Amino acid sequence: MSEPIGFIGLGNMGFPMMERLLTAGFPVVAFDMRDDVLAKATTLGASRAGSVRDVADRTETILASLPTPQVSESVVADVAAGYRVRRFVDLSTVGGGAAQRNQAVLAAQGVAALDSPVSGGMHGAQAGTLALMVSGPRAEFDALKPIFDVLGRAIFVSEQPGAAQTMKLINNLMAATTLAATAEVMVMGVKAGLDADVMIDVLNAGSGGTHASRDKFPRAVLPRTFDYGFATGLMAKDVRLYLDEATSLGLPVEMAQTVQRIWEQTLRTEGAESDFTSVIKPMEQAAGVIVEGGNR
Ligand code: NAD
């Protein structure tokens, strides 16, 4: 039996990633603040930890999938105090600043830090098809390859702490933009009398197709399920983090600011826990139409 892996944060993304590791034969020591998901993990074969510190006392390699930079930094403070931990892999989206602060806290205790934010959503986490962008010590990346391979395709970005987080924010600004833009044009087309299914077919066959039209709309908007598995609050967080980093570089951010206004509006009207595909709802309401389909 191989060395156990610690896993902290068993949410929409963390739980399926942890489950894949168990299925691949890695023993897992798991922790989450929510008792229900922890109990479910235990029934699948994970060993239950009593706290973050308990995970760090029992495992050398810890993976974490946490909601915000603030939570990630508080978890890292506890991880760094653990006596067994040697490396910490943050799968969360926290931005470059938090990643650099985490790296410093961990380095002070001789713990290696790897940023490994992921892209591909809950479905990618379940299927093991995530894109993992990784920054940190190259030798640690190479040693962790068997773990990354269970989760998806890992791309080494740089040894510079936080670099993969910056890359992830760039990816997510694109995802936030294309989802919002696709929502806006779909509402326009339906208002003008076009059929939503036909529109998606044409976009996907033409040059206007994006991940939003290929995957998010058919899965969660056209069937009106709004259950893609990423919260509006988290998308709004990522757009804010992008803007923080871009403005701190002194760059113009006109497009990102427009995208941000759309997500902050969705946050206000649909709530932080709503699925991010709900971004279309305020637009539908303003237009007096529903973008429905998915029947073929
Ligand atoms: P989530 O809210 O579903 O899961 C977060 C989990 O962390 C929850 O189970 C929560 O109970 C747990 N948690 C919170 N504070 C904790 C603490 N102090 N100690 C232990 N556990 C704690 O979020 P998610 O959708 O799984 O996203 C996780 C991260 O991955 C976020 O940073 C998000 O931006 C990023 N991400 C999400 C997606 C997606 O499609 N959902 C895709 C790519 C990246």
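**Aromatic pairs, annotated spans and the ligand shell**

In this predicted model, the count of aromatic pairs comes to 5. One of the pairs is formed by Phe-141 and Phe-156, whose ring centres are 5.1 Å apart. The planes of the two rings stand at 50 degrees, so this pair is classed as tilted; a pair counts as stacked under 30 degrees and as edge-to-face over 60. Phe-141 belongs to helix α7 (residues 138–143), whereas Phe-156 belongs to strand β9 (residues 152–158).

Two annotated spans were then examined. The UniProt record, an unreviewed entry, lists residues 5–156 under "domain: 6-phosphogluconate dehydrogenase NADP-binding". In the model, this span is 46% helix and 23% strand. The C-alpha atoms at the ends of residues 5–156 lie 21 Å apart. For residues 162–282, the UniProt record (unreviewed entry) gives "domain: 3-hydroxyisobutyrate dehydrogenase-like NAD-binding".

The surroundings of the ligand were described next. The ligand is surrounded by 25 residues, and the closest are Met-13, Asp-32, Leu-66, Gly-229 and Lys-237. Sorted by class, this shell consists of 13 nonpolar, 8 polar and 4 charged residues. Both domain 1 (5–159) and domain 2 (166–287) contribute to the shell, with at least three residues from each. Among the helices, α4 (69–80), α6 (121–127) and α12 (232–248) each provide at least two residues of the shell.

A polar atom in the side chain of Asp-32 is 2.6 Å from a ligand oxygen atom. For Lys-237, an N or O atom of the side chain lies 2.8 Å from an oxygen atom of the ligand. At Pro-67, a backbone N or O atom is found 3.3 Å from an oxygen atom of the ligand. Taken alone, the ligand would expose 830 Å², and the protein buries 88% of that area.

Conventions. Residues numbered from 1 in each chain as written. Predicted model: local features only at pLDDT ≥ 70, side-chain atom pairs only at ≥ 80, totals over all residues. Heavy atoms only, no water. UniProt positions renumbered as here; feature names shortened; annotations may be inferred. Helix = DSSP H or I, 4+ residues; strand = E, 2+ residues; numbered from the N terminus. Near = heavy atom within 4 Å. Polar contact = N/O pair within 3.5 Å; in protein donor to acceptor, adjacent residues only side chain to side chain. Areas by Shrake-Rupley, 256 points an atom, 1.4 Å probe, with all protein chains shown as cover. Nonpolar A, V, L, I, M, F, W, Y, C, P; charged D, E, K, R; others polar. Domains from an automatic or database assignment. Phe/Tyr/Trp six-rings, centres within 6.5 Å; stacked < 30°, edge-to-face > 60°.
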